[in-house]
Amino acid sequence: MGMFDFTGRVAVITGGTAGLGKGMAIALARQNCDIAILARRREVLEQAASDIRTLGVKCLPVQCDVMDQDSVDQAVKTVMKEYGRVDILVNNAGAGGPPVPTVEMELSAYQRLIDLNLTSTFRMVKAFAPMMLEAGYGRIVNVASVLGMVGHLEVPLPGYESAKGGVINLTRGLASEFGTRGITVNAICPGTFPSESNDQEFVDMNMPFVKRVTPMQRPGTPTDLDTVGDMDAAIVFLASEEARYVTGVILPVDGGWTCC
């Protein structure tokens, strides 16, 4: 097996039907990794799985709401029945919220963002880590955000920032806990990328801010079947066997936003 060859490996990716999630699934599939993509909408799951299969790997679409424990438990059963193993878990599902100042934000809206972005990450690790612990091998990659590392100068996002900051330190805690068990746990912190929930219109509107705070003065290039994107190398490396001595790392993929 050559370097960064994932033949025989299985990756579970939440929020894997569009945007960064689908892009990371494509990046791993290009390295011969079999995939299970988890998301709520059945119709987009089937299309995304069909796209990924064109790369010559297996791709299992699994309907799953990461905020619902019963749904997660059923997803585990479905994945294990199909593949019998899980080597890589990518916790990508999540979303931001409308920009609301802290003093105006409803507690219920804040709690929903915490559950969607942070508690769901814990829930997925708790569900899939037992198989990794039994095998003595695993790669967990949590998708946080630069806004878990720094604040936004212009837009108030207290719920999202709290949740993604929590994902970062959960990553460190899990890395410490699993360090002697063959499981690495790392986090990627994307900057601005076009996606389904962060579409090109938003990126275009946000470009003056991006140019001010990002040394490269551009958003990230997304991944699709025809394009190698700016996230590909990060997810392939952190999910690989070659990254076996890398754990607890918080890796910004942000064009330099967090260095300024």
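A disulfide is counted here as a pair of cysteine sulfur atoms within 2.5 Å. By that criterion the structure holds zero disulfides. Cys59 has a relative accessibility of 4% and so counts as buried, where buried means under 20% relative accessible area, exposed over 50%, and partly exposed in between, computed with a 1.4 Å probe on protein chains only. Cys64 is buried too, with a relative accessible area of 4%.

The model is predicted: local features need pLDDT of at least 70, side-chain atom pairs count only at pLDDT 80 or more, and totals for chains, interfaces and linings use all residues. Residues are numbered from 1 along each chain as its sequence is written, and side-chain values use heavy atoms, with hydrogens and water left out.

Helices (H or I, at least four residues) and strands (E, at least two) are DSSP runs, numbered from the N terminus, and two strands pair if DSSP finds at least two bridges between them. Seven strands form an open sheet with parallel pairing, in the order S3-S2-S1-S4-S5-S6-S7. The edges are taken by strand S3 (59–63) and strand S7 (250–253); each has a single partner strand, so one side of each is left without a neighbour in the sheet. On average, neighbouring strands of this sheet are turned by 20° against each other, direction ignored. Angles run from 0 to 180 degrees between N-to-C directions, and axes are lines fitted to C-alpha atoms, for helices over the stretch in contact. Strands of a sheet pair through backbone hydrogen bonds, either parallel or antiparallel.

Contact means heavy atoms within 4.5 Å. Helix H2 (residues 42–53) lies across strand S2 (34–39) and S3, and runs at about 170° to S3. Helix H4 (residues 107–135) lies across strand S1 (10–14), S2, strand S4 (88–91), strand S5 (138–143) and S6, at about 175° to S4.

Helix H1 (residues 19–29) packs with H2 at an angle of about 25°, the axes being 10 Å apart. H1 and H2 are therefore roughly parallel to each other, a label for angles under 35 degrees, while those over 145 count as roughly antiparallel, 65 to 115 as roughly perpendicular and the rest as oblique. In this pair, Lys22, Ala25, Ile26 and Ala29 of H1 meet Ala48, Asp51 and Ile52 of H2. An α-helix has 3.6 residues a turn, so residues three or four places apart point the same way.

H1 is largely enclosed by the rest of the structure, because nine of its eleven residues are buried. Among the buried residues are Gly21, Met24 and Ala27. The buried residues of H1 pack against S1, S2, H2, S4, S5 and H7. Leu28, also found in helix H1, is buried with a relative accessible area of 0%. Leaving aside neighbours within four places in sequence, Leu28 is in contact with Phe6, Ala11, Ile13, Cys33, Ile35, Ile235, Val236 and Ala239. Leu28 and Phe6 are 22 residues apart along the chain, with their C-alpha atoms separated by 7.6 Å.

Two further buried residues can be followed elsewhere. Arg139 lies in strand S5 and, at 2% relative accessibility, counts as buried. Beyond residues up to four places away in sequence, Arg139 touches several others, including Asp87, Thr184, Glu241 and Arg244. Thr214 lies in the loop between helix H6 (200–213) and helix H7 (232–238) and is buried, with a relative accessible area of 4%. Not counting residues up to four places away in sequence, Thr214 touches Asp254, Gly255, Gly256 and Trp257.

Pro101, in the loop between S4 and H4, counts as partly exposed at 31% relative accessibility. Pro101 and Pro130 are 29 residues apart in sequence, and 40 Å apart in space, C-alpha to C-alpha.
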